Amino acid sequence: MGTTELGPSDLRHVESMSHTPSGAGKINKLNAVILGESLASEENDLVMPSPGFSQSALISSQEQYEKMYKKSVEDPAGFWSVIASEFYWEEKWNPNEVCKENIDVTNGRVNIEWFKGAKTNICYNAVDRNISAGNGDKVAIYWEGNEPGQDGQLTFAQLLDRVCQLANYLKQVGVNKGDAVIIYLPMLMELPIAMLACARIGAVHSVVFAGFSAESLAQRIIDCKPKIVITCNAVRRGPKVIFLKDIVDSALTESAKNNVSVDICLTYENPSAMKREETKWQDGRDVWWQDVVPNFPTKCDIEWVDAEDPLFLLYTSGSTGKPKGVLHTTGGYMIYTATTFKYAFDYKPSDIYWCTADCGWITGHSYVTYGPLVNGASVLVFEGAPNYPDAGRCWDIVDKYKVTIFYTAPTLVRSLMREGDEFVKRYSRKSLRVLGSVGEPINPSAWRWFFNVVGDSRCPISDTWWQTETGGFMILPIPGAWPQKPGSATFPFFGVQPAIVDEKGKEIEGECSGYLCIKKSWPGAFRTLYGDHERYETTYFKPFAGYYFTGDGCSRDKDGYYWLTGRVDDVINVSGHRIGTAEVESALVSHPQCAEAAVVGVEHEVKGQGIYAFVTLVEGVPYSEELRKSLILTVRNQIGAFAAPDKIHWAPGLPKTRSGKIMRRILRKIASRQLNELGDTSTLADPGVVDQLIALADC
């Protein structure tokens with residue numbers, strides 16, 4: 001992720017003003033609505049917390065937030081030590097060595113350590129500790145299957161039994177502390193169980209999203225050389241059956257050709273998707289979960305690990321094509337995910353929490369499994385698709401389980417918005433009290449629909465900015481504390497010190513745009529890229545010496561609010577104007593007949609780069625030249641003529657992963673007509689979308 005040049009016109013230096021959160025005390029509240037009192041319209045640039053919500057909130061005022069934030073950046077060791085003391089530690093840390101860091105490459109090797117020398121175990125803190133507190137009979141996991149009516153649940157006591165049985169099996173087959181375990185499972189309860197079982201014995205899990213191709217899975221197996229692969233025979237996603245075991249078989253064949261062989265493939269039988277006797281089998285390697293794991297004892301000793309011992313590897317896409325193995329360690333990650341979860345969602349013990357993310361992504365690690373369970377929360381795990389059997393499925397589930405906190409991706413919000421309000425309004429949703437957004441900047445029109453329609457204008461939206469690498473939330477609006485601006489990530493979390501820098505790495509004060517960096521480490525930060533520390537330093541710390549470079553562009557407004565503008569490599573240079581793709585997408589989606597948009601850059605013989613927009617219309621709206629012109633005019637009016645799309649490509653749907661991430665790599669190839677270079681499309685929720693887009697290329 002190299003830096004790209006920003007022109008002087010893009011860096012709006014203004015008179016220096018404090019960009020600490022306290023700067024927001026002077027914001028203009030004339031165009032404000034109060035939570036629960038009225039709908040947010042395009043004229044309302046502020047949504048104020050209601051007195052009722054704030055009074056019961058964990059952080060109930062700007063002043064309380066500012067006081068805690070000030071403490072967290074002035075005395076991070078003291079701040080995080082107080083929070084860490086709320087968790088169980090077998091051995092405590094040295095109070096004089098809470099944090100050791102060097103993030104400046106000019107001063108030597110980049111190194112981040114928090115609570116090193118202390119001993120703990122995240123599985124103990126997520127499960128045993130809650131039972132010791134008297135919550136053994138509280139539901140830890142609610143499970144909703146692909147088909148309505150398929151469901152299950154586990155209390156914390158039952159969860160512990162299941163975790164211990166699997167942990168004992170893993171130990172018996174030779175999995176030891178520090179060994180890698182690949183988990184290739186769908187969203188069954190067995191997925192978080194497997195993660196916790198690995199953590200209990202000090203093994204390092206690497207969850208691979210059960211939608212990745214055999215080639216992608218093989219790459220990860222070859223890189224981390226696991227002792228065992230855990231999978232299931234098949235899964236239903238909506239009406240479609242995916243044969244996961246076949247994918248694993250192909251991946252293991254491929255990895256063996258590269259001299260990495262795996263002796264055991266533990267396979268969970270998922271009878272709703274595939275019968276056992278129809279599953280291809282390799283005797284001596286393949287083992288049925290149900291035949292062995294339930295036979296093991298329900299007690300398993302804890303492996304106490306150092307706070308800096310590895311917890312998991314999670315592979316992310318790299319610009320070179322080789323996946324990057326992001327390595328997170330135990331102690332700091334545990335504290336950070338638990339604390340961010342608690343405050344970002346104003347968590348109460350009575351809450352029922354649902355995050356729609358898959359555990360194959362960082363959101364599923366931090367905010368399906370570890371963060372919520374360490375807080376003793378009841379978590380909903382959903383196997384199916386959010387639009388199956390119809391677009392009301394999410395709200396049916398919300399009513400069924402009385403979900404109070406709903407955390408999802410802007411892509412899903414826009415997708416459901418496209419289906420119309422009727423699917424939402426046929427359900428009560430009265431249990432909801434906090435909404436959340438993750439994965440990309442949420443455009444203001446989608447934010448307002450989420451707020452007005454889904455949340456009945458009474459639920460604050462925790463619009464979170466963070467990354468696989470950060471482990472947990474970095475910039476977000478804490479419900480109850482701050483007035484919200486639709487589409488803004490708002491202010492930094494405790495201990496996070498953002499900086500916006502220009503192309504030379506000079507920090508810009510006040511209202512500005514530039515590159516988003518972080519000045520100091522935080523407990524949840526990743527520690528390295530597995531087996532490639534040099535790439536870790538080159539990608540994240542060399543672009544701007546002395547900072548962690550996020551790779552994102554960012555603006556800060558006159559009130560100090562942060563606005564993420566998308567990846568720096570998602571900036572299009574049109575005739576010297578640098579235009580964030582997110583900005584153009586937001587303008588397009590503000591058009592009443594546009595449900596969703598994705599913008600990429602293409603080569604242009606005059607302007608250098610042109611703007612190519614894929615546009616999905618509201619259901620029932622026909623394609624027309626008049627509408628095409630109207631969409632372009634909307635962008636011209638909102639941003640300027642220089643940002644007007646050169647091409648509007650009608651899109652019945654966009655290529656997305658199951659978690660809702662738009663695969664812009666594929667869109668770039670379609671836009672530039674490089675159709676023989678589309679690459680792996682197996683991770684898409686609907687691979688057929690690609691053919692539809694190609695067919696509409698010249699319409």
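A residue is called buried here when its relative accessible area is under 20%. With that cut-off, Thr581, Ala582, Val584, Glu585, Ser586, Ala587, Leu588 and Val589 in helix α17 are buried. That makes eight of the nine residues of α17, which spans 581–589, so the helix is mostly covered.

The chain has a mean pLDDT of 91, and 94% of its residues reach 70 or more. Residues 1–20, however, have pLDDT below 50, although this stretch makes 49 contacts in the model beyond near neighbours in sequence. Where pLDDT is low, the predicted coordinates should not be read in detail.

One annotation comes from a record. An unreviewed UniProt entry lists residues 65–126 as "domain: Acetyl-coenzyme A synthetase N-terminal".

Let me turn to strand β8, residues 180–184. How many of the residues of β8 are buried? Five of the five are, so the strand is largely enclosed by the rest of the structure. Ala180, Ile182 and Tyr184 point one way from β8, while Val181 and Ile183 point the other way. Strand β8 runs parallel to β9, residues 204–207, and four bridges join the two. Within this pairing, Val181 stands opposite His205 of β9.

Helix α5, residues 156–172, contains Leu170. The side chain to consider here is buried, as Leu170 has a relative accessible area of 0%. Leaving aside residues up to four places away in sequence, Leu170 touches Val175, Ala197, Cys198, Ile201, Ile228 and Ile230. Lys240, by contrast, is 70 residues from Leu170 in sequence and 32 Å from it in space, C-alpha to C-alpha.

Four strands form an open sheet in the order β25-β26-β28-β29, with antiparallel pairing. At its edges are β25 (498–501) and β29 (562–567), each of which pairs on one side only. On average, neighbouring strands of this sheet are turned by 45 degrees against each other, direction ignored.

Inside the sheet, β26 (residues 512–518) and β28 (residues 548–556) run antiparallel and are joined by six bridges. Gly514 stands opposite Cys554 in β28. Strand β28 also pairs with β29, again in the antiparallel sense, over five bridges. There, Asp552 has Arg567 of β29 as its bridge partner. Strands β28 and β29 form a hairpin with five residues between them, and Gly560 in the turn has a positive phi of about 90 degrees.

Finally, the cysteines. How many disulfides does the structure hold? It holds zero. For Cys99, the nearest cysteine sulfur is that of Cys517, 18 Å away. Cys99 is partly exposed, with a relative accessible area of 28%.

The cut-off applied to a disulfide is a pair of cysteine sulfur atoms within 2.5 Å. Cys554 counts as buried, at 1% relative accessibility.

Thank you for your attention.

Notes: Residues are numbered from 1 along each chain as its sequence is written. This is a predicted model: local features need pLDDT of at least 70, side-chain atom pairs count only at pLDDT 80 or more; totals for chains, interfaces and linings use all residues. Side-chain values use heavy atoms; hydrogens and water are left out. Two strands pair if DSSP finds at least two bridges between them. Axes are lines fitted to C-alpha atoms, for helices over the stretch in contact, and angles run from 0 to 180 degrees between N-to-C directions. UniProt positions are given in the numbering used here, feature names are shortened, and annotations may be inferred rather than shown by experiment. pLDDT is the predictor's confidence in each residue, from 0 to 100. Contact means heavy atoms within 4.5 Å. Buried means under 20% relative accessible area, exposed over 50%, partly exposed in between (1.4 Å probe, protein chains only).
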